[in-house]
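These are my notebook entries on one structure. I set down each item in the order in which I looked it up.

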Amino acid sequence: MAADYMRQKLTSFSEAVFPGRALRDNRQHHAIRPGNELVSNLPLQMALYFNVFFFPFWLVCSIVLLELKFYHLDEIFRFVCVTIYVVMGGTEIMRLYLGYLGNLQERVPELAGSWLLTLILQFPLIIFLLAVERAMPVPVERAVHLVQLTFIVLELVFGFLALRVMTQHQIMKFHLQDFDTIFDLEEGHQEVMGRYTPLA
């Protein structure tokens, strides 16, 4: 009984000294609400995870095989192959980082950037390396490129699905946040009005 009385007096005193504290406490109390579930895509994360480990192997194999066949290529294809491997190597690091960041932290711009890099750069370039016979792909190179192509296709499919779910989730969170703001304002207004007694 005395503890409740003391708690009530301390609460009213702290509210007088620090106005708005009750509103913040109420927000923390309602922290778990619809719209706070995780929407990270597990298959996409698995594909990115294994791709991170496969990428150095793919890059080393590609460079070694390019070195072995370099002087057997046309002069144009020497330049083209070197350019493709430089672009793919740099893009792959950035793409995997953005994919990890976007998927795990549920950031739509990063995930969309990773997906676009996959679609616009990595997918056509790996298809080019596999399909063009003048690049003289050897069987080991084809096998390594096929595994990389598998990762890229999986990340395209799962990335698209993750982006769709994540954007819908972000839209829902935005609308719920609007309702929470209105609800908090109404509670704050009622709390302020409750402190004052009408004169009449």
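**Entry 1: confidence.** I began with the pLDDT, since this is a predicted model. The protein chain has a mean pLDDT of 81, and 72% of its residues reach 70 or more.

**Entry 2: helix α3.** I checked the length of α3, which runs over residues 42–69. Its 28 residues, at 1.5 Å a residue, should span 40 Å; I found the end C-alpha atoms 39 Å apart, so the two values agree. I next followed the course of the helix and recorded a bend of about 35 degrees at Phe-54. At the N-terminal end of α3 I found Asn-41 as the cap. A side-chain oxygen of Asn-41 lies 3.1 Å from the backbone nitrogen of Leu-44.

**Entry 3: the largest nonpolar core.** Which residues of this core touch the most other members? Among its 30 residues, they are Trp-58, Cys-81, Tyr-85, Met-88, Leu-111 and Ile-126. I listed the elements that give two or more residues to the core: α3, α4 (75–104), α5 (108–131) and α6 (139–195). The most comes from α6, with 8 residues. For background, I recall that nonpolar side chains tend to be buried together in soluble globular proteins.

I took Cys-81 as one member to examine. Apart from neighbours within four places in sequence, Cys-81 is in contact with Leu-66, Leu-73 and Ala-135.

Entry 4: Is Ser-62 buried or exposed? Ser-62, in helix α3, has 1% relative accessibility; buried means under 20%, so Ser-62 counts as buried. Leaving aside neighbours within four places, I found Ser-62 in contact with Tyr-85 and His-145. I also compared two distances for Ser-62 and Glu-141: they are 79 residues apart in sequence and 6.7 Å apart in space, C-alpha to C-alpha.

I then turned to His-145, which is found in helix α6. His-145 counts as buried because its relative accessibility is 0%. With neighbours within four places again set aside, its contacts are Trp-58, Ser-62, Tyr-85, Ile-126, Leu-129 and Leu-130. Of these, I had already met Trp-58, Tyr-85 and Ile-126 among the core residues that touch the most other members.

Notes. Residues are numbered from 1 along each chain as its sequence is written. This is a predicted model: local features need pLDDT of at least 70, side-chain atom pairs count only at pLDDT 80 or more; totals for chains, interfaces and linings use all residues. Side-chain values use heavy atoms; hydrogens and water are left out. A nonpolar core is a set of buried Ala, Val, Leu, Ile, Met, Phe, Trp, Tyr and Cys residues joined through side-chain atoms within 4.5 Å. Buried means under 20% relative accessible area, exposed over 50%, partly exposed in between (1.4 Å probe, protein chains only). Helices (H or I, at least four residues) and strands (E, at least two) are DSSP runs, numbered from the N terminus. Contact means heavy atoms within 4.5 Å. The expected span of a helix is 1.5 Å times one less than its number of residues. The bend at a residue is the angle between axes fitted to the seven residues ending there and the seven starting there. A polar contact is a pair of N or O atoms within 3.5 Å; within protein, one must be able to donate a hydrogen and the other to accept it, and residues adjacent in sequence count only if both atoms are side-chain atoms. pLDDT is the predictor's confidence in each residue, from 0 to 100.
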